[in-house]
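Please open the model in your viewer and keep the selection tool at hand.

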Amino acid sequence: MVTSYGPGLAAIGMVLVAERYARQGLGRRLMRHVLAEAGDTPLTLYATANGQPLYEQLGFTETSRSEMVRGRFTFTAPAPAVPVRPATAEDLPAILRLDHEIFGLDRTHMITRLPAFSDHLRVAEDGGEIIGFAAAWPNMDTHVIGPLIARDPGTAQALIASLAAATDRPLRTDIDVRHTSLLSWAKENGIDTIATTSVMVRSLPDLPGDWRRRFAPLTVAAG
Ligand SMILES: CC(C)(COP(=O)(O)OP(=O)(O)OC[C@H]1O[C@@H](n2cnc3c(N)ncnc32)[C@H](O)[C@@H]1OP(=O)(O)O)[C@@H](O)C(=O)NCCC(=O)NCCS
C-alpha cells in the first residue's frame, strides 16, 4: 500500500508475502515496483525485523525506532488536567492546520476521512485553541490510537486517557522511542511494548515536520 503526500513523501505499508511463498523474491519484486513508480519521491515505512534487511538493501536507512504498545489502560498514573472533548465538524480547519504544521506535509486527504474511519476523535484545548488531537480506530479486538498530535507529552497523555475512558477494548499505539516520558507513563498504565519497529526513510535524511509533537502515526501503514 502506497499513501502519497505529494512530491514530498509517500508512505509504504502492508508489505506482506504469504509464508508458503517466502524467500522466493516476491517481497523484493514488489518493493522494486514501488520504487520504480515512486521515481524521485522520498519514501518512508515502518519496518519489522523481518522486512528491515530487504529495505536496507534497497537504500532505506533508519531514522528512528518505534515501540508498538498494547494493553488495557489501568488509569494508575494520572494525566495532566488538559481539557479534552470530542471533535466537531467546526474543529476540522484547526485540526488540519495543526496537523500540517507538525506532520510537515498536507494530510487533508487522510485527516478528513478520520471521522468515518475512527470510532472516537478528540481534541485538546487551551484557552479555546486546539493544541492536540487524537483518534481511536477499531482493529481486531483493540482500538488503535493514531494519529496522536500534541503540543507536549502532558497533552498527549490527556488525549490517551480520554480515549481510554471511551472504550472497553485494549488500546494499541506506536510511539517513537524518543518519547521516553510518554512511554514510561503508558507502561505505568498497563500499556506495554509488544514489538519494536524501525522507522526508515529513502531519498531524504529525515522525516519532515516536528517529531517532538508527533507522538503516534495515523497507522504504521500510512505514516
Ligand atoms: C518481509 C517479507 C515481506 C519478505 O518477503 P519475501 O518475499 O519473503 O522476501 P524476498 O524473498 O524478496 O527476500 C528479500 C530479502 O529480504 C531478506 N529476508 C527475507 N526474509 C527474511 C528472513 N526471514 N530473515 C532474514 N532475512 C530475510 C533477505 O535478505 C532476502 O534476500 P535473499 O533471500 O536474497 O537473502 C515477508 O517475510 C513477510 O511478509 N513477512 C511478514 C510481514 C512483515 O514483516 N512485513 C514487513 C512489514 S515492514
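The stops that follow cover the ligand, a surface patch, a helix, some backbone features and several salt bridges.

The model is predicted, so local features need pLDDT of at least 70 and side-chain atom pairs count only at pLDDT 80 or more, while totals for chains, interfaces and linings use all residues. Residues are numbered from 1 along each chain as its sequence is written, and side-chain values use heavy atoms, with hydrogens and water left out.

**The ligand**

Begin by selecting the ligand and the 18 residues that surround it; the closest are Val17, Gly25, Gly27, Thr48 and Gln57. A residue counts as near a molecule or strand if one of its heavy atoms lies within 4 Å of it. Next, display the N and O atoms: an oxygen atom of the ligand lies 2.8 Å from a polar backbone atom of valine 17, and an oxygen atom of the ligand is likewise 2.8 Å from a polar backbone atom of arginine 23. At glutamine 57, an N or O atom of the side chain is 2.7 Å from a ligand oxygen. Of the 900 Å² that the ligand exposes when taken alone, the protein buries 73%. Accessible areas come from the Shrake-Rupley method with a 1.4 Å probe; for residues, only the protein chains shown count as cover.

Helices (H or I, at least four residues) and strands (E, at least two) are DSSP runs, numbered from the N terminus. Phi of arginine 23 is near 60°, a positive value in a residue other than glycine. Most residues other than glycine have a negative phi.

Now select Val17, Tyr21, Leu26 and Leu30, which make a nonpolar surface patch of about 330 Å². Patches are made of residues with over 30% relative accessible area and no salt bridge; like charges are joined within 9 Å and nonpolar side chains (Val, Leu, Ile, Met, Phe, Trp, Tyr) within 5 Å. Leucine 26 belongs to helix H1 (residues 26-38).

**Helix H7**

Which residues of helix H7 (residues 180-188) are buried? They are Leu182, Leu183, Trp185 and Ala186. Viewed down the axis of H7, these buried residues fall within an arc of 165°, so they line one face of the helix. The arc is that of the directions from the helix axis to the C-beta atoms. Thr180 and Glu188, on the other side of H7, are exposed. Buried means under 20% relative accessible area, exposed over 50%, and partly exposed in between (1.4 Å probe, protein chains only).

**A cis peptide bond**

Select glycine 146 and proline 147: a cis peptide bond joins them, with omega about -5°. Proline 147 lies in strand E8 (residues 142-150).

**Salt bridges**

A salt bridge is a side-chain nitrogen of Lys or Arg within 4 Å of a carboxyl oxygen of Asp or Glu, and by this rule the count comes to 12. Select aspartate 99 and arginine 107, whose closest N and O atoms are 2.7 Å apart in a salt bridge; both residues are buried. Then select glutamate 101 and arginine 213, which meet in a salt bridge at 3.0 Å, N to O. This pair links distant parts of the chain, 112 residues apart: glutamate 101 is in helix H3 (residues 92-103) and arginine 213 is in the loop between E10 and E11.

Technical notes
Polar contact = N/O pair within 3.5 Å; in protein donor to acceptor, adjacent residues only side chain to side chain.
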